[in-house]
Amino acid sequence: MHSSTPIYIALLGLGHVGQGVLRILQDRFEPLSERMGRPVILRYVLVRDLSKYAKIHFNDATLVSDFSIILHDPDISIVVELIGGEFPAYDYITTSLMNKKHVITANKEVMAKHQSEFFSLAKTHKVDICFEAAVAGGIPIIRALKVGFAANKINSLHGILNGTTNYILSKIQADQLPFSEVLKEAQRLGLAEADPSMDVSGLDAAYKLVLLAGVAFKRLISLEDVYYEGIEDISLEDIRFAQELGYDIKLLAIGKHFEDKGYSFKVHPTLIPHSHSLCGIKDESNAVFVYGDAVGESLLAGKGAGGAPTASAVVSDLIDLIFEIDQPRSLRNLDTELIPCECLAMDQSFSQFYLRLLVKDEAGSLESVSRALRDSNLSISSVLQKEASDTTASLIIVTHTCFESEFNTAKAAIEGLDCVLNLASVIRVRLDEDD
């Protein structure tokens, strides 16, 4: 160990991730301190209810419920924020930065909403804010994009960024169970929250895509710039038919730069060909598939959910920060010059489309649907027809690539056909988009 002067840190929040960080700091105190060249000491743990954590062993750390104790302790160099949500996390982060304390956070919501302000405060007060754990759990995607891919212009990224939804879709397929049953099992295992709406609606992945827009493309966007939809309407039938057609269904976060049109950011269920590497990402794992102009295609994958993987990312930021804490600031982590950009409207996006229709089982139904597609300048890539009852049939169609606006016109025409009883499902297909 090179110095006896400790680095003192404060931990805000003691949920699954906070407890994971606490365990790592306790179990790996000696090797971490040796690697850092000085003792790394946790001085405070902030919680709302002190009595709730009375049985947890904190070594020499003090359990507090008043943040001002941390804020006014001049020895605290690093504040680790793991309480989640926008408030009071926003206040804790801003006041920490203004008091010249470095911040590490796993909070995708507060970062997505206030990243430019945080970067500006950090630059002004010559400190840093690190957020590796806010996206994709234990996968070092932030560091990879900032440092590992720094020589590249990133053209596109496609991410499985939510472990809960990936687990649900994987289990529906593997166990042939409906969404509702798999969701209950995920909640029982602690892989889904009691209120899973942020995950299954696509909102969680949308927040993370806002952050990746800044890191990968250096563009400042907000949640309002991201089109997102979730997996609530994905049925076992859709997953079975997708399999038959050669696809798996994943919730994808997609960011893409079009040279002559700007940028597109969206989150939605997508049919992915079995031949693509993202198709093999199962259960609660996350992955990000990046295309850079120099490196080409790269895939980063690993555990994206759970206390331990996310805690691993938090401590990774801690190690990186301490390495530089006594050195002139490199500012490599502070993207203070994020550029506002024009984002493509969703109706200008390209995709193939999967449709599942319930139609009358009579001559001419397929021809009527095909004609409606042709009249809207859409052509059919593949089709399946399955008997649903004595009088009805399921018609499954995958279109060729088209504008979203063209598809919406065709969709309205199809829904108006006498032979169509119900347009049961629409899911986008493919990862790549043509300019």
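Student: Does lysine 126 count as exposed or buried, and at what relative accessibility?

Tutor: Buried means under 20% relative accessible area, exposed over 50%, and partly exposed in between (1.4 Å probe, protein chains only). Lysine 126 counts as exposed, at 61% relative accessibility. Please note that this is a predicted model, in which local features need pLDDT of at least 70, side-chain atom pairs count only at pLDDT 80 or more, and totals for chains, interfaces and linings use all residues. Residues are numbered from 1 along each chain as its sequence is written, and side-chain values use heavy atoms, leaving out hydrogens and water.

Student: Which residues other than glycine have a positive phi?

Tutor: Most residues other than glycine have a negative phi, and most peptide bonds are trans. Here, lysine 126 has a positive phi of about 60 degrees, and asparagine 59 has a phi near 55 degrees. Asparagine 59 is partly exposed, with a relative accessible area of 46%.

Student: Where does asparagine 59 lie?

Tutor: Helices (H or I, at least four residues) and strands (E, at least two) are DSSP runs, numbered from the N terminus. Asparagine 59 lies in the loop between strand S2 (40–46) and strand S3 (62–64).

Student: Which peptide bond is cis?

Tutor: The bond from phenylalanine 87 to proline 88 is cis, with omega near 5 degrees. Proline 88 is found in the loop between strand S4 (76–81) and helix H4 (89–98).

Student: In what order do the strands form the open sheet?

Tutor: Strands of a sheet pair through backbone hydrogen bonds, either parallel or antiparallel. Two strands pair if DSSP finds at least two bridges between them. In this model, 6 strands form the open sheet in the order S3-S2-S1-S4-S5-S6, with parallel pairing. The edge strands, S3 and S6, each pair on one side only.
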